[in-house]
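Student: I have a model open and want to go through it with you. Can we start with the charged contacts and work from there?

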Amino acid sequence: MPSPHPHVDCIVLNVNGRELLCETLDSVGAMTYPDFTVIVVDNGSTDGSQAAVREKYPGMKLIENGRNLGFGEGINEGIRYSLAQRAEWVLLLNNDIAVAPDMLSELMNVAVSDTSIGMLAPKIYYYSRPDTLWYAGGEINYWTGIVSHRGVGRKDCGQFEGVEDTAYITGCAMLIRREALEKVGMFDPVYSPGYTEDADLSTRAVRAGYRLVYVPGAKLWHKVSSFSGGGASPMKTQLKVEHNLIYFKRYARWYHWITIPWCVGGLGMIFVAKQLVKGDIGIVAALGKGFLKALGRLLSSQKTPSR
């Protein structure tokens, strides 16, 4: 007879975020779900993060990668360990979050209700604006070439309170069934060092027949962009452009490309205009570099999803 409380491995990826990490681990460690283990995956930190975990959280598993493998491959190391330990569910978490004590319980209450559910996501708020939404389900528009968060920047007035299927789950907080990982694989290294790998994994799960479910009763607060360095940096801009184009090349139908170039190009021109007004030439250069790199990669062979 299945356990009413399946075991969950909570994987937190960290790189040089000691203070943020400790705050996150305090929050995650206080969750009320009765059967979970916390695994910290460290991507070659040089700020003493590893020593802090060993000293302050001896009951948590620490995996040291020794170098920065990027978001997807860093997380994959944790997933491989969890699958080897026979974890039934894996919860992926950023190192810059705070969770409600019952977040995992709320997610698992829905998770165990239907075996077709492969992945789940909580409702996510801005940490600095605790009543303002950052994620209330994800949307993928194949006509415009845009992956987006529903409700982002809007005050939570109860408008997204239904448990419902969603197209995309953010890697900030992603609960995944073991069988889904075994069937569709982990994060694809083609998106290294980061961005869009979560949309890719979400899409592979949906196309394999799994449901992706948004659970508003599960709540989390995100210190947005703390992990990645914050803001619209040149590197972040370049990677988002490059990886979004790779994603849509992989999954969009031929007829979507009638509109994608126009929409992406139009939005790009608006973005460039805004950055030029601000005098931020670095962001504009990164946007162009992202397009050029994406075109080169689209014409070359791509790696297959990691297993």
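Student: Is Asp188 buried or exposed?

Tutor: This is a predicted model, and in it Asp188 counts as buried, at 2% relative accessibility.

Student: What does the Asp188 side chain meet in a salt bridge?

Tutor: Asp188 pairs with Arg250, at 2.8 Å from N to O. The two belong to distant parts of the chain, 62 residues apart: Arg250 is in helix 7 (residues 234-251), and Asp188 is in the loop between helix 5 (178-184) and helix 6 (197-207). Arg250 counts as partly exposed because its relative accessibility is 25%, and the cut-off for buried is under 20%.

Student: Which residues are linked with Asp188 in a network of salt bridges?

Tutor: Asp200, Arg204 and Arg250 are linked with Asp188 in that network.

Student: How many salt bridges does the structure hold?

Tutor: There are 13. One of them joins the side chains of Glu64 and Arg54, at 2.8 Å from N to O. That pair links strand 3 (residues 61-64), where Glu64 lies, to helix 2 (residues 49-56), which holds Arg54; they are 10 residues apart.

Student: What relative accessible area does Arg54 have?

Tutor: Arg54 has 47%, which makes it partly exposed. Glu64 is partly exposed too, at 46%.

Student: Which side chain does Asp114 meet in a salt bridge?

Tutor: Asp114 meets Arg211, at 2.7 Å from N to O. These residues are 97 apart in the chain, with Asp114 in the loop between helix 4 and strand 6 (117-126) and Arg211 in strand 12 (residues 211-222). Asp114 has 24% relative accessibility and counts as partly exposed. Arg211 is also partly exposed, with a relative accessible area of 28%.

Student: You mentioned helix 4. How many of its residues are buried?

Tutor: Seven of the nine residues in helix 4 (residues 103-111) are buried, and the helix is mostly covered. The buried ones are Met103, Leu104, Ser105, Leu107, Met108, Val110 and Ala111.

Student: What is Val8 in contact with, leaving aside its neighbours within four places in sequence?

Tutor: Its partners are Tyr33, Asp35, Phe36, Thr37, Trp89, Leu91, Leu104, Met108 and Leu175. Two of those, Leu104 and Met108, are among the buried residues of helix 4.

Student: Are Cys22 and Cys172 buried or exposed?

Tutor: Cys22 is buried, with a relative accessible area of 9%. Cys172 is buried as well, at 2%.

Student: And outside, which residues form a nonpolar patch on the surface?

Tutor: Trp143, Trp254, Tyr255 and Ile258 form one, with about 510 Å² of accessible area together.

Student: Where is Trp254 found?

Tutor: Trp254 sits in the loop between helix 7 and helix 8 (260-278).

Student: Why does Trp254 count as exposed?

Tutor: Because its relative accessible area is 68%, and exposed means over 50%.

Methods. Residues numbered from 1 in each chain as written. Predicted model: local features only at pLDDT ≥ 70, side-chain atom pairs only at ≥ 80, totals over all residues. Heavy atoms only, no water. Buried < 20%, exposed > 50% of the residue type's maximum accessible area, 1.4 Å probe, protein only. Helix = DSSP H or I, 4+ residues; strand = E, 2+ residues; numbered from the N terminus. Salt bridge = Lys/Arg side-chain N within 4 Å of Asp/Glu carboxyl O. Contact = heavy atoms within 4.5 Å. Patch = residues over 30% accessible without salt bridge, like charges linked within 9 Å, V, L, I, M, F, W, Y side chains within 5 Å. Areas by Shrake-Rupley, 256 points an atom, 1.4 Å probe, with all protein chains shown as cover.
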